[in-house]
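Colleague: I have not seen this structure before. Could you take me through it by question and answer?

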Amino acid sequence: MTIAYGGGSCPSVPSGFIAVPAGMICSVTTPGGELTALYYTGTATDPRLSRVENPGGVVTDFAYGTGDTLTEVRTPGAADVEDSTLTALNWADGSDAVGR
C-alpha cells in the first residue's frame with residue numbers, strides 16, 4: 001500500500017476543492033494499483049475532508065456545519081442519483097449534528 005501526501009504526487013484536484021495541504025493524505029494506492037483519492041474543502045490551515053473517491057469513481061461526500069462539525073454524508077448510492085441531496089446525520093442520543 002502506498003500513501004501520498006499533499007505537497008507530493010497527488011491526483012488532480014476537481015473544481016470546488018482546495019489543493020491538498022502538506023501533510024494531509026491525498027491518495028492511497030493498493031498493491032494492485034487501485035487508487036482512492038481524498039479531496040478537501042476549507043483552507044490550507046483549516047482543511048476538511050469533503051470527498052473520498054474510490055476506484056471506479058465511487059464517491060462519498062461529506063458536508064460540515066459551524067465549528068467544522070460533520071453534518072451530512074452523501075453515500076455512493078446517493079451520488080449516482082442526478083438530483084440527490086446529502087443525508088443529514090443523527091447521533092445515537094437522537095440529536096442531529098448541531099444538537100437539535
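Colleague: How many salt bridges does the structure hold?
Modeller: This is a predicted model, so the pairs come from computed atom positions. One of them joins the side chains of Asp 68 and Arg 48, and another joins those of Arg 51 and Asp 61. Asp 61 also forms a salt bridge with Arg 74. The number of salt bridges is 3.

Colleague: Which residue forms a salt bridge with Asp 68?
Modeller: Asp 68 lies in the loop between β5 and β6. The N to O distance of its salt bridge is 3.4 Å, and the pair links distant parts of the chain, 20 residues apart, with the other partner in strand β4. That partner is Arg 48.

Colleague: Is Arg 48 buried or partly exposed?
Modeller: The cut-off for buried is under 20% relative accessible area. Arg 48 has a relative accessible area of 22%, so Arg 48 is partly exposed.

Colleague: What is the phi of Asp 68 near?
Modeller: Most residues other than glycine have a negative phi. Asp 68 has a positive value and is a residue other than glycine. Its phi is near 60°.

Colleague: Does Asp 61 count as buried or exposed?
Modeller: Buried means under 20% relative accessible area. The relative accessibility of Asp 61 is 7%, so Asp 61 counts as buried.

Colleague: Which strand pairs with β4 over 7 bridges?
Modeller: The pairing is antiparallel, and the two strands form a hairpin with 2 residues between them. Thr 43 stands opposite Asp 46 in β4. The partner of β4 is strand β3, residues 35–43.

Colleague: Which residue in the turn between β4 and β5 has a positive phi?
Modeller: Strands β4 and β5 run antiparallel and are joined by 4 bridges. In β5, Val 59 is the bridge partner of Glu 53. The hairpin has 3 residues between its strands, and the one in the turn with a positive phi of about 85° is Gly 56.

Colleague: How many residues lie between the strands in the hairpin of β2 and β3?
Modeller: β2 and β3 run antiparallel, joined by 3 bridges, and Ser 27 has Ala 37 in β3 as its bridge partner. Gly 33 in this hairpin takes a positive phi near 90°. The number of residues between the strands is 5.

Colleague: Which residue in β2 stands opposite Ile 3?
Modeller: Strand β1, residues 2–5, is joined to β2 by 4 bridges. The two strands run antiparallel. The residue opposite Ile 3 is Val 28.

Colleague: What is the relative accessible area of Ser 50?
Modeller: Ser 50 is found in strand β4. Leaving out residues up to four places away in sequence, Ser 50 touches residues including Phe 17, Tyr 40, Asp 61 and Tyr 64. The C-alpha atoms of Ser 50 and Tyr 64 are separated by 8.4 Å, although these two are 14 residues apart along the chain. Ser 50 is buried, and its relative accessible area is 5%.

Colleague: How many residues does the largest nonpolar core have?
Modeller: In soluble globular proteins, nonpolar side chains tend to be buried together. Leu 38 belongs to this core, and its contacts beyond four places in sequence include Val 20, Cys 26 and Val 52. The core also has Ala 4, Ile 18 and Tyr 40 among its members. The number of residues in the core is 7.

Colleague: Which element has the lowest mean pLDDT?
Modeller: The protein chain averages a pLDDT of 82, and 76% of the residues score at least 70. Among the elements, strand β2 has the highest mean, 96. The lowest mean, 55, belongs to strand β7.

Conventions: Residues numbered from 1 in each chain as written. Predicted model: local features only at pLDDT ≥ 70, side-chain atom pairs only at ≥ 80, totals over all residues. Heavy atoms only, no water. Buried < 20%, exposed > 50% of the residue type's maximum accessible area, 1.4 Å probe, protein only. Contact = heavy atoms within 4.5 Å. Pairing = 2+ DSSP bridges. pLDDT = per-residue confidence, 0-100. Core = buried A, V, L, I, M, F, W, Y, C linked by side-chain atoms within 4.5 Å. Salt bridge = Lys/Arg side-chain N within 4 Å of Asp/Glu carboxyl O.
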